[in-house]
Amino acid sequence: MIAVEAERLRLGYEQKVVFDGIDLRIAQGSVTTLIGANGCGKSTLLKAFGRLLAPLDGQVRLDGRPLRAMSTTQIARRLAILPQKPLTPAATSVRDLVMRGRHPHQSLLRPWTPDDAGIVDAALAATGLTEVADRDVNTLSGGQLQRAWVALVLAQQTPTILLDEPTTFLDLSHQLEVLRLVRRINAEQGTTIVMVLHDLSLAARFSDRLVVLHEGQVLADGTPWQVLTPQVLATAFGLEAQVIADPVTGSPLVIPLEPSAGSLASSVVRDESEQLVRLG
Amino acid sequence: MLAAVASLMLGSNLISAGQVVHALIDSAADLDAIVWGSRVPRTVLGIVVGFALGVAGAVMQGQTRNPLADPGIFGVSAGASLAVVVGVYVLRVNSPLVTSALALVGAVVASVVVFAIATAGRGLASPVPLAIAGTAVSALLGAITSFLVLTDQTTLAAYRIWVVGSLSGRNLDGTAAMVCLVAVGLVLAGLNAGSLNNLALGTELARGLGESLWRARLVGLAAITFLTAGAVSLAGPIGFIGLTAPHLARALVGGDHRRLLPASGLVGVLALLGADVIGRLIGGQAEVAVGVVLATLGGVVFVVIVRRAKLVAL
């Protein structure tokens with residue numbers, strides 16, 4: 001089953017067209033990460049998936065239905081999006097913040113129920129925030145605050161979650177914390193995850209599939225081992241790098257080379273032989 | 001939260017008690033006439049206007065995410081003032097009821113113009129176009145008002161009395177319509193509370209939660225216009241309540257607009273009635289208009305708030 005599908009999607013701002021007819025299908029229950037250099041359009045594509053950016057042409061389908069045929073509330077019940085820089089509201093407790101994730105499920109006719117409270121409690125527990133639930137969000141550490149945002153989109157209880165750089169501004173242990181949480185949500189609830197990450201090795205470690213975007217095209221698409229090759233890294237990032245197996249997890253690890261440490265060609269050859277060994 | 005509301009209620013009761021005591025001291029002749037003829041309408045007016053301004057200020061700050069925003073930013077007060085001045089200048093209006101009606105029309109027209117200018121450009125994602133359009137329109141209307149007032153003695157005399165902002169010398173006849181206006185504004189503000197909570201998370205996350213920006217802005221602006229227009233037509237442009245009441249209320253009940261809006265309204269009532277009583281007491285026979293008291297005390301109180309509780313950034 002396809003959760004999110006882009007069909008001949010044309011996207012851009014003002015005069016600048018970023019994507020001119022891109023196609024992409026995201027399978028249900030998978031963790032997909034969009035990667036690429038700054039300005040390659042990762043966030044633009046994610047925003048279009050989350051109806052925050054209207055396509056110039058083409059369309060996005062969510063669970064088979066065109067987004068533009070759905071009301072914004074209907075979308076919000078099936079898809080949650082955590083933008084890159086949400087604003088932290090004044091004088092608001094962590095619980096109150098997470099409660100706002102229930103907004104799409106409420107209306108004048110269906111106000112707050114004990115079910116909602118249970119869902120909020122579960123989201124707080126899943127993100128390890130139960131103990132600080134009554135604290136003002138403005139007093140949280142960076143890692144706690146980021147988990148509070150994740151808890152908010154969890155409380156939205158949608159089959160699909162989009163995360164735009166959920167680990168930015170976090171130190172390594174907090175980055176791992178957030179990504180492990182994402183992986184666990186995916187494993188336990190079968191939630192489809194599409195996210196944008198900058199750290200390639202972390203993206204490889206926590207994703208089923210990587211999609212490399214470059215100059216308005218999908219440059220590479222597949223499992224982390226299929227995608228993270230020196231050629232792709234050279235084209236997408238202008239980066240000379242070697243890719244080795246992470247000794248702990250076995251996922252690909254990107255090691256940037258010093259410019260003088262050998263030609264690109266030799267590193268490609270070395271890497272491909274290594275890959276063949278691994279795959280064989 | 002209940003405790004906060006209860007304490008605010010007790011506060012306004014204390015004020016009422018003070019008014020009655022004051023009435024007792026004042027009235028050598030006929031106590032009933034003073035209490036019912038002047039004090040009661042005045043208190044009712046104070047409650048309506050104070051509540052309207054407090055709520056309008058909280059909606060305004062939520063919409064613009066600017067802790068220094070007050071309802072004047074959308075050009076509502078400036079529009080009302082200009083309409084009153086034009087009424088006096090051109091039509092030689094002097095009935096309070098017609099003045100109120102003119103103020104209302106001016107307020108509504110100004111906010112519609114501001115909304116139209118702000119939405120003509122990039123749209124409603126950012127609160128900045130609304131604030132800029134409002135400030136620009138206010139400045140323009142203010143300039144025209146000054147021009148008319150300075151060129152005509154009669155207009156200046158009439159405008160001078162109206163612009164100070166006062167609860168006295170108004171009776172309850174004809175105010176029913178304005179009170180209905182405030183009531184409509186309160187309903188709209190109530191409907192906007194959930195949207196304001198979402199907008200506080202940034203427009204992208206708000207939209208992700210299923211918020212329609214267009215509806216959120218429109219309902220919010222309509223609420224501010226109805227509330228401010230009603231209050232301005234009833235009592236003239238009264239400053240500071242819209243700016244300070246939300247801050248005090250936020251410190252008391254937190255940032256959730258479903259609690260913040262009513263709390264801000266109650267703080268507004270408390271402030272307006274308090275300032276009115278002080279104005280009566282310190283003025284002796286003359287009475288100091290409530291607008292003047294608020295401008296004087298409000299400034300001091302605001303400085304104290306800023307110095308003591310670090311101002312909550314929105």
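Among contacts in chain A between residues at least 6 apart in sequence, what percentage join residues at least 24 apart? The share is 65%. Please keep in mind, as you browse the views below, that this is a predicted model.

**View 1. Chain A as a whole, with its helices and strands.** Ten helices and twelve strands make up the secondary structure of chain A.

**View 2. Where domain 1 of chain A meets domain 2 of chain A.** Here 14 residues of domain 1 are in contact with twelve residues of domain 2. On the domain 1 side, at least two residues each come from helix H7 (200-206), strand E9 (209-214), strand E10 (217-222) and helix H8 (224-227) of chain A. H7(A) provides the largest share of that side, with four residues. Sorted by class, the domain 1 side holds ten nonpolar residues, three polar ones and one charged one.

**View 3. Where chain A meets chain B.** In this view, 20 residues of chain A are in contact with 20 residues of chain B. Helix H2 (72-78) and strand E6 (79-82) of chain A each bring at least two residues to the chain A side. The most comes from H2(A), which gives four residues. By class, the chain A side divides into twelve nonpolar, five polar and three charged residues.

**View 4. A closer look at A:Arg183.** You will find A:Arg183 in helix H6 of chain A, which covers residues 172-189. Is this residue exposed, partly exposed or buried? A:Arg183 counts as partly exposed because 16 C-beta neighbours lie inside 10 Å, whereas a buried residue would need 20 or more and an exposed one 12 or fewer. Leaving aside residues up to four places away in sequence, A:Arg183 touches A:Val31 and A:Phe206. A:Ile193 is ten residues from A:Arg183 along the chain, and their C-alpha atoms are separated by 8.7 Å.

Definitions and conventions: Residues numbered from 1 in each chain as written. Chains lettered and ligands numbered in written order. Predicted model: local features only at pLDDT ≥ 70, side-chain atom pairs only at ≥ 80, totals over all residues. Contact = placed C-beta atoms within 7 Å. Nonpolar A, V, L, I, M, F, W, Y, C, P; charged D, E, K, R; others polar.
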